[in-house]
Amino acid sequence: MSVAHEVGASAAQTGVPLHEVLDHVERAYAPDPPDHPVTRAAALAWADVSLVHRADVSCEDPLTSMATAPYLRLRLAEIYRGAEADDRRVCDSHVLIVVELPRPGRVNEIELALRALEVAEVMRSVFTGDETIAQLSTRRFAALTTRDRGDDLALNLLGLLLDRALDGRVQARLWVERLPSGADGVASVLASLCE
């Protein structure tokens, strides 16, 4: 039974779905039906490890430490709820500062990851407060910030530091993305930025 426990735990750790684990147990006992305690041990071990793994899933990319797009969506929902409670409009108080790198030609995954790290570092050096900095796609990044922090000075500084960090290899495009007046328009704004 300890072998079944190890098989179930190991499978969950590597992302193997439960139905495949059970298929393996069945094949190990074929042509006879599998032993119930063995099947149970494999399934329980798989479930235990899966729960721990699921609880450990982060809302940020482990490489860049930038927030994910779903987390940015959650932050925006919180800001809209707070604004509604205070009878304010988010479009008057917050913006997204967007950084877009050109479409990669013959760039491999490692180069894209290194560029993302460089962009993350630069964005954090410009937006040092409680701003949410997220990677929306392999080439788009955004900082959710207050309107006063998303001014021309911040954009110019961000552009200058990105030029230095990317050594002129890549020309980043920057813009201020206005947020919709209501929370119902956020999904379409983020969908267009994540494409």
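The legends below describe close-up views of a predicted model.

**View 1. The two domains of the protein chain.**
The domain assignment divides the chain into domain 1, residues 3-57, and domain 2, residues 69-194. The centres of domain 1 and domain 2, taken over C-alpha atoms, are separated by 41 Å.

Pro34 lies 11 residues from Asp23 along the chain, and the C-alpha atoms of Asp23 and Pro34 are 9.9 Å apart. Pro31 is located in the loop between α2 and α3, the latter being residues 36-55. The peptide bond that joins Ala30 and Pro31 is cis, with an omega of about 10°. Most peptide bonds, by contrast, are trans.

**View 2. Strand β3 and its two antiparallel partners.**
Strand β3 spans residues 140-146 and is mostly covered, with six of its seven residues buried. Strand β1, residues 94-100, runs antiparallel to β3 and is joined to β3 by seven bridges. Strand β2, residues 132-135, is also antiparallel to β3, and four bridges join the two strands. Where do these pairings meet Ala142 of β3? Val98 stands opposite Ala142, and Ala142 is also the bridge partner of Ala134. In a regular strand, the side chains alternate between the two faces of the sheet.

**View 3. The hairpin between β2 and β3, with Ser137 in its loop.**
Strands β2 and β3 are joined by a hairpin through four residues. Ser137 is found in the loop between these two strands. Is Ser137 buried or exposed? The relative accessible area of Ser137 is 16%, and this residue therefore counts as buried, the limit being under 20%. A polar atom of the Ser137 side chain lies 3.1 Å from the backbone nitrogen of Arg140. Arg140 is itself part of β3, which covers residues 140-146.

Which residues make the nonpolar surface patch? The patch is made by Leu63, Ile110, Leu114 and Leu117, and its area is about 370 Å². Ile110 is located in helix α6, which comprises residues 109-126. The relative accessible area of Ile110 is 61%, so this residue is exposed, the limit being over 50%.

Most residues other than glycine have a negative phi. Ser65 is not a glycine, yet its phi is positive, at about 60°. This serine is found in the loop between α3 and α4, the latter being residues 69-85. Ser65 is partly exposed, with a relative accessible area of 34%. Asp87 likewise has a positive phi, of about 55°, although this residue is not a glycine. The place of Asp87 is the loop between α4 and α5, the latter being residues 90-93. Asp87 has a relative accessible area of 73% and therefore counts as exposed.

Conventions: Residues numbered from 1 in each chain as written. Predicted model: local features only at pLDDT ≥ 70, side-chain atom pairs only at ≥ 80, totals over all residues. Heavy atoms only, no water. Domains from an automatic or database assignment. Buried < 20%, exposed > 50% of the residue type's maximum accessible area, 1.4 Å probe, protein only. Pairing = 2+ DSSP bridges. Patch = residues over 30% accessible without salt bridge, like charges linked within 9 Å, V, L, I, M, F, W, Y side chains within 5 Å. Areas by Shrake-Rupley, 256 points an atom, 1.4 Å probe, with all protein chains shown as cover. Salt bridge = Lys/Arg side-chain N within 4 Å of Asp/Glu carboxyl O. Polar contact = N/O pair within 3.5 Å; in protein donor to acceptor, adjacent residues only side chain to side chain.
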